[in-house]
Amino acid sequence: MIPISKPEIGKDEIEAVKAVLESGMLAQGALVEEFEDRFASLLGVEYAIATNSGTAALHTALASAGIKSGDEVITTAFSFFATASCVLMQGARPVFVDIDPRTYNINPEKVEREISERTKAIIPVHLYGQPCDMKELMEIAEEHQLLVIEDAAQAHGAMYRGRMVGSIGDIGVFSFYSTKNIVTGEGGMITTNDEKIAEKARMIRNHGQKERYIHECLGYNYRMTNIAAAIGLVQLQKLEEFNARRISNARYYNERLNLGSPYVAPGVRHVFHQYTIRVRAREKFLQHLDDHGIGYGIYYPMPLPRQPVFHSDTYCPEAEIASAEVVSLPVHPALSRDDIKRVVEVVNQYEG
Ligand SMILES: Cc1ncc(COP(=O)(O)O)c(C=O)c1O
């Protein structure tokens, strides 16, 4: 079986974790701070705040930005649940916008008509590792004085017109869940140039305290452990190599797969968290992959507005079609040349 994802954990990560375990300093400490500093430098931002998941990072970002009950937040109809559940966590309402069917990212042309007096922020998601159309989105946000919180959970190292995603909007959010381009097991990061937001995020991550046992605002235990940070520090050094391998695997597929290849917008560096194609009668294709031991993923089988918890009646036709057609093939850096040759062989054998 060729798996759809596999974390690349080497001796260095194991040694780093061992050292933390032996030190006895397991919880948030100096290594977390070092991971934050390195991550901020990589992105070229002033502040990075580590958390124990991408979901915690998103929630902290929204809370730090003051998103509250009665507010509306515009986001894509096609993403992982946490992109929008965090809006609910703040008592606000997610407003869903359809995608550009080529990139699967939020369609900026459809954003403006959803803006109301209650709109406070936009959460664009750089889905599958491909940056959104940030120029358009930033212009809309500026005109209407909205915050932009980039959900870059799938896009470490992706670039839009030479700028790292997560450094373009007011706040960026990353995940280090085990399938991501770099991993810490579970983990997340908030990035920003705004000192006030950074300070608030640090408090919210730690029970709303700046000073010990003085709880100035509602906060949570969203702290990252030194164990996770130790893995993250090693992984961060390998990010470029990992992304280069993902991009090279994607190029190999692009040149050979008969079923078409993903569209990449001009001026972006797509880091192929997922390599996603469209297949019309998908069930039959998935059976074919199952029969031949090729792992795959469906990201995502249902558009967000149709998730019962949102009680939304928004209909997004492009997100509906994408949900029915997308199939992600293994593209991760742990694949051997034989693995990707095998994927090509099996996919090209398929008769739809
Ligand atoms: C687009 C997107 N946003 C948010 C998250 C949440 O991250 P985590 O799983 O680390 O909580 C994920 C990860 O699964 C994601 O893919």
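A nonpolar core is a set of buried Ala, Val, Leu, Ile, Met, Phe, Trp, Tyr and Cys residues joined through side-chain atoms within 4.5 Å.

**Figure 1. The largest nonpolar core of the predicted model comprises 41 residues.** The members that touch the most other members are Phe78, Tyr253, Tyr275, Phe285, Leu289, Val327 and Leu329. At least two residues of this core come from each of the helices α7 (226-256), α8 (282-291), α9 (317-325) and α10 (337-349), and likewise from each of the strands β11 (275-278) and β12 (326-329). Helix α10 makes the greatest contribution, five residues. Because domain 1 (11-233) and domain 2 (239-349) both give residues to this core, the core lies between them. In soluble globular proteins, nonpolar side chains tend to be buried together.

**Figure 2. Leu289 and its contacts are shown in close-up.** Neighbours within four places in sequence are left aside in this view. The residues in contact with Leu289 are then Ile294, Tyr296, Val327, Leu329, Val346 and Val347. Of these partners, Val327 and Leu329 are, like Leu289 itself, among the core members that touch the most others.

**Figure 3. Another nonpolar core, of 25 residues, lies apart from the largest one.** Its members include Phe174, Met224, Leu233 and Leu236.

**Figure 4. The largest pocket holds about 450 Å³ of space.** Its lining consists of 26 residues, of which Phe80, Ser175, Tyr177, Lys180 and Tyr300 are the closest to the centre of the pocket. Two or more lining residues are given by each of α3 (54-64), α4 (82-89) and β8 (171-175). The largest share, three residues, belongs to α3. By class, twelve residues of the lining are nonpolar, eleven are polar and three are charged. Domain 1 (11-233) and domain 2 (239-349) each provide at least three residues of this lining.

**Figure 5. The second largest pocket has a volume of about 320 Å³.** Among the 18 residues that line this pocket, those closest to its centre are Asp100, Arg102, Thr103, Asp133 and Ala265. The lining divides into nine nonpolar, three polar and six charged residues. Both domain 1 (11-233) and domain 2 (239-349) give residues to the lining, and the second largest pocket therefore lies between the two domains. Rolling a probe the size of a water molecule over the atoms shows where empty space is left.

Note on methods. Residues numbered from 1 in each chain as written. Predicted model: local features only at pLDDT ≥ 70, side-chain atom pairs only at ≥ 80, totals over all residues. Heavy atoms only, no water. 1 Å grid on protein atoms, 1.4 Å probe; cavity = no way out; pocket = protein on both sides within 12 Å on 5 of 7 lines; lining within 4 Å. Points joined across faces, edges and corners; volume = space filled by probe spheres on them. Helix = DSSP H or I, 4+ residues; strand = E, 2+ residues; numbered from the N terminus. Nonpolar A, V, L, I, M, F, W, Y, C, P; charged D, E, K, R; others polar. Domains from an automatic or database assignment. Buried < 20%, exposed > 50% of the residue type's maximum accessible area, 1.4 Å probe, protein only. Contact = heavy atoms within 4.5 Å.
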